[in-house]
Amino acid sequence: MNLKSLFTPLRLGALELPHRIVMAPLTRMRAGAGGVPTAMNATYYGQRVAAAMIITEATCVSQQGVGYPNVPGIFSAEQIAGWKLVTNAVHARGGRIVQQIVHNGRMSHSAYMPDRSVPVAPTAIISAFGQAFTPDFQLVPFETPRALETDEIPGIVESFRQAALNSREAGFDAVEIHGANGYLLDQFLHDGSNKRTDGYGGSLENRARLLLEVVDSIVDAIGKDRLGVRLSPYGTFGDMVDSDPITLYKFVIGELGKRGLAYLHLIEARASGVSLAEDPTEKFAYNAEIFRSAFDGPMISAGGYTPESAAEAIEKGNADAVAFGRFYIANPDLYERIKGKSSLNKYDRPTFYGGGDHGYTDYPTLAESSVSVVPQTTPVATAIS
C-alpha cells in the first residue's frame, strides 16, 4: 500500500506538523526521585524528535494523582526544571513535544500519599482490574477509594489548570488531558464507576462535567489551540464499564468539538483493555470510524496500527494522524524507518517499565545497526497506558 498520506503536513491548533506519524504517550517509570525528569529522560525523548509530535508519558498533576512508581510529575519547581531538560533536548533538534497530564484516581495506592490516605474516586468502588503498584514496584491489591466530596472537586480542576501552566513554563508546545484508560477523569465519565447523586453523577451532562470543567479551565489558562484530549471509548483498562458507551462518547466528543481544541486523541479498543494481544488485526469496535463525525476538529488515532493501516485510516478520513507506541519504544527513528520501508527493531516487553538505559535509550537506529539487537520476549499479561 502507498504510505504517502503519512508524510503530508498537518496543522493541530498552534502546532505545525511536518508529517502525521506521532509518538504516543508511553509510561516508562524512569523518572528520578520526587518524580523529577533526568538527563536520561531527556536523551530518550531527544532520540525521537523526528516524530511529527511527541506526546509524553502520563505526568501527574499532584501528589494525590500519582499511581505508579518512578512516574514524573509537573507540580513542583524541581519537576518543572527537570522537564526543561527534556523540552530543551527536543527543541534543540527541531522537534515538537506535548505534555500529557493525569490524575490516577482510584488506580493508585495509599503508599503514595504522605498521610497514607486511600486514593480518591467519584464513588467508593474498588477496581476489579489487576493490581496496584507500590513505590517499590510491588504488586498489591487495589484499595477501596474514598469518594471525593463535592467541595473538593474545584481543587481537582485547579490542579489540572496549574499543571498546564507549569507545562508551558517547562517549555512544552501544548498539553494533552488524559481522560482515558480508567484514570480519574475517565472514572467520572462511566456509569459503572460513577454512582454520584450530586452535580457530577447521574446524567451524561453531570458525568462529563468534571472533564469539561478541566478542559475549560485549561483553555482559559493556555488557549484552546494548545490543548488536546485523549479518550478511550470501549476501553476496559481500569475496570471501565458503561451501559451505553456510544451515547456517552458521542455526547462527550460533541462537547469537546464545540470548544475548538487543537485535537482529539482516541485510543482504539484493541489497545485499551479490551485486548492486550499482540495481533493488531483482531476485530473490535473501530473508535476512529464510529466517533469521527462527532468531533469538529483534527483527530489522532492510536492503538495497534501498522504503517499500512495508519495510512488507510488517514486516506479514509477516519484520522488526521496516527500515534504509534510500542514501535516508538523500540525504534527511535521510526519515522525514517517507515518512510524508507525499512525493518523495525523488536521491542522487549520486560524492559517497558522501570530500570535504566537498557530497553530505554539503547535501541539502535538504522544508522547504528541494520539488524535488531534487542530480542522480543514472551509478552507480559498486563500493560499500562
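This is a predicted model: local features need pLDDT of at least 70, side-chain atom pairs count only at pLDDT 80 or more; totals for chains, interfaces and linings use all residues.
**Exercise 1. How many residues does helix H3 have, and what distance does it reach from its first C-alpha to its last?**

Residues are numbered from 1 along each chain as its sequence is written, and side-chain values use heavy atoms, with hydrogens and water left out.

Solution. Helices (H or I, at least four residues) and strands (E, at least two) are DSSP runs numbered from the N terminus. Helix H3 covers residues 153–169, which makes 17 residues, and its span from first to last C-alpha is 25 Å, close to the 24 Å expected at 1.5 Å a residue; the expected span is 1.5 Å times one less than the number of residues. Just after H3, Gly-171 has a positive phi of about 100 degrees.

**Exercise 2. Find the buried residues of H3 and what they pack against.**

Solution. Buried means under 20% relative accessible area, exposed over 50%, and partly exposed in between (1.4 Å probe, protein chains only). The buried residues of H3 include Ile-153, Ile-156, Val-157, Phe-160, Ala-163, Ala-164 and Ser-167. An α-helix has 3.6 residues a turn, so residues three or four places apart point the same way. Taking contact as heavy atoms within 4.5 Å, the buried residues of H3 pack against helix H2 (77–92), strand S6 (97–102), strand S11 (174–178), helix H4 (184–189) and helix H6 (209–222).

**Exercise 3. Describe how H3 packs with H6.**

Solution. Two packed helices are described by the angle between their axes and the distance between the axes. For H3 and H6 the angle is about 35 degrees and the axes are 9 Å apart, where axes are lines fitted to C-alpha atoms, for helices over the stretch in contact, and angles run from 0 to 180 degrees between N-to-C directions. On the H3 side the contact includes Ile-153, Phe-160 and Arg-168, and on the H6 side it includes Leu-210, Glu-213 and Ile-222.

**Exercise 4. Which residues touch the most other members of the largest nonpolar core?**

Solution. A nonpolar core is a set of buried Ala, Val, Leu, Ile, Met, Phe, Trp, Tyr and Cys residues joined through side-chain atoms within 4.5 Å. Of the 77 residues in the largest one, Ile-177, Leu-231 and Leu-256 touch the most other members, and H6 gives the most to this core, with seven residues. A second, separate core has 17 residues, among them Leu-10, Met-53, Ala-262 and Ile-300. Leu-256 is one of the buried residues of helix H7, which covers residues 245–257. Not counting residues up to four places away in sequence, Leu-256 touches residues including Leu-212, Val-229 and Phe-295.

**Exercise 5. Is Thr-361 buried or exposed?**

Solution. Thr-361 lies in the segment after helix H11 (334–339), and Thr-361 counts as buried because its relative accessibility is 15%. Its contacts, leaving out residues up to four places away in sequence, are Met-40, Thr-43, Tyr-44 and Gln-47. The C-alpha atoms of Thr-361 and Ala-42 are separated by 9.9 Å, although these residues are 319 residues apart along the chain.
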